[in-house]
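Here is a short report on a structure.

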Amino acid sequence: MERKGPLMKERTVETAVASLQWFIFLLANSIVLPIVVGQVYHLSVDQIAELLQRTFLVVGISSLLSGWIGHQLPVADGPAGIWLGIFVLMGEMAAAGHSHPFQVLQLLEGGMLVAGGVLLVIGAMGLMNYMLELFTPLVTGVYLILLSLQLSGVFLKGMIGVGDSGGEIKAGHVLVSFIVFILVFILSVWGRGFFKSYAVLIGILLGWLTFIMLNGFEQKAPAVSSVVSFPKFFAWGWPKLDAGMAVSAVLVAFVLISNIIASVAAMQQVVDRQEERGRLNRAGIISGVNNLLSSLFSTVGVVPLSISAGFVRMTGQTRMKPYMIGCVLLIVSSFLPAVYQALSLLPGPIAYAAMLVTFTQMLGIGLNSILKSPLDERRLTIVGMSLSLGTAIMFLPQSVFQGLPAIVQYVASNGIMIGMLLALLLEHIWRPVRKQVSRLD
């Protein structure tokens, strides 16, 4: 009994710290995109704070549902990069056409309803396993690499403060963010025990403290008027829909399916679990529900984050209990204005720096996925063409696509979507040549 007591206490402390790290991970992946959307649509400080509140709630609920009922893996949900691209694109189109931002946001609410419905139907009909045959390890590997390349550029800009200061690099931001990046990298690679498992948490906390010491408090949270606040339904107005958004939402749903498959497959590699019958179908159903929740609470549509596999591989935290507790903590924080408004002050460069390290892990997972089979001439050509074209589109200015129809703009301007679709088409149209075995007569 004397031995059991200290062991239980140690286990409790370990669970508490791991839960806090999951909470920080969920938080860090929830903060950035709502702020970007707020800037694109010129939302006020109070409106951005409310958007953060709704995002925390949806991310917490969706991650909890996915881990409990859906794929049942420690794969966190978060705002989807593909949805963010469409939010930004339509925001720029609205600014050029002098449309009211909330009219565009109502269209996006309608689009998330359509995408959620498509995912629900595919999952409920048991078609996710057929989708698995389409999204081979080569296709998912290309997707993970393109996602890493695109978001790594976004994260690096955030680290040096380019996005926040209109192109002017802030020395204080750069110094602290790279200190955090190097610290998290060193701890995750050469650290042992506690320091390796909680590298991200240590990096963020020490980085936040250092940032305040060097740069001071650069922002003030909005005034807190109540102890508890409940998020609003359809805060942007009732959903609307047109033909262009409907078609785009269906395409986005299939991109989200590839994301679900890639995220689940990547996490199964990390935790060394075999494919469970029905796991993908459950994941599809819950992802559909989660996109409906995103529309209901007027946030950027969510999806299982592939980066979770890199985070788990780096920290070694594979248990579900800390993950679930972290989700509950995020849900609770969404009802407390003092908490989510204070958390919204987490400096962007710190979050970007800590997350960029995990993207190096995700890039490696993508390479491992491609290398599951030998790289013959056919597979090398598919990978090379898909990565080259997808990456090239990322470097094109948005003005290049302005003359195209809206539907085409949504697809053609997204390098991840184009690269993944090209890999998907070539993988199934260009069939491998079967080697004939010679026989001696």
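Thr15 sits in helix H1 (residues 4-40); helices are DSSP runs of H or I, at least four residues, numbered from the N terminus. The model is predicted: local features need pLDDT of at least 70, side-chain atom pairs count only at pLDDT 80 or more, and totals for chains, interfaces and linings use all residues. Residues are numbered from 1 along each chain as its sequence is written, and side-chain values use heavy atoms, with hydrogens and water left out.

Thr15 counts as buried because its relative accessibility is 8%, and buried means under 20% relative accessible area (1.4 Å probe, protein chains only). The Thr15 side chain makes a polar contact with the side chain of Arg319; such a contact is a pair of N or O atoms within 3.5 Å, one able to donate a hydrogen and the other to accept it.

The table lists contacts (heavy atoms within 4.5 Å), not counting residues up to four places away in sequence.

| Residue | In contact with |
|---|---|
| Thr15 | Arg319 (side chains 3.1 Å apart in the polar contact), Lys321, Pro322, Ile325 |
| Tyr41 | Phe87, Met90, Gly91, Pro101, Val104, Leu105, Leu108 |

Tyr41 also belongs to the largest nonpolar core, which has 127 residues. A nonpolar core is a set of buried Ala, Val, Leu, Ile, Met, Phe, Trp, Tyr and Cys residues joined through side-chain atoms within 4.5 Å. Tyr41, Trp83, Phe87 and Leu108 touch the most other members. Helix H10 (residues 243-271) gives this core its largest share, 14 residues.

H10 also supplies the largest share of the lining of the largest cavity, four residues. A cavity is a set of points on a 1 Å grid over the protein atoms alone where a 1.4 Å probe fits but cannot get out; lining residues have an atom within 4 Å of a point. The largest cavity holds about 30 Å³ of space.

Technical notes:
Buried < 20%, exposed > 50% of the residue type's maximum accessible area, 1.4 Å probe, protein only. Helix = DSSP H or I, 4+ residues; strand = E, 2+ residues; numbered from the N terminus. 1 Å grid on protein atoms, 1.4 Å probe; cavity = no way out; pocket = protein on both sides within 12 Å on 5 of 7 lines; lining within 4 Å. Points joined across faces, edges and corners; volume = space filled by probe spheres on them.
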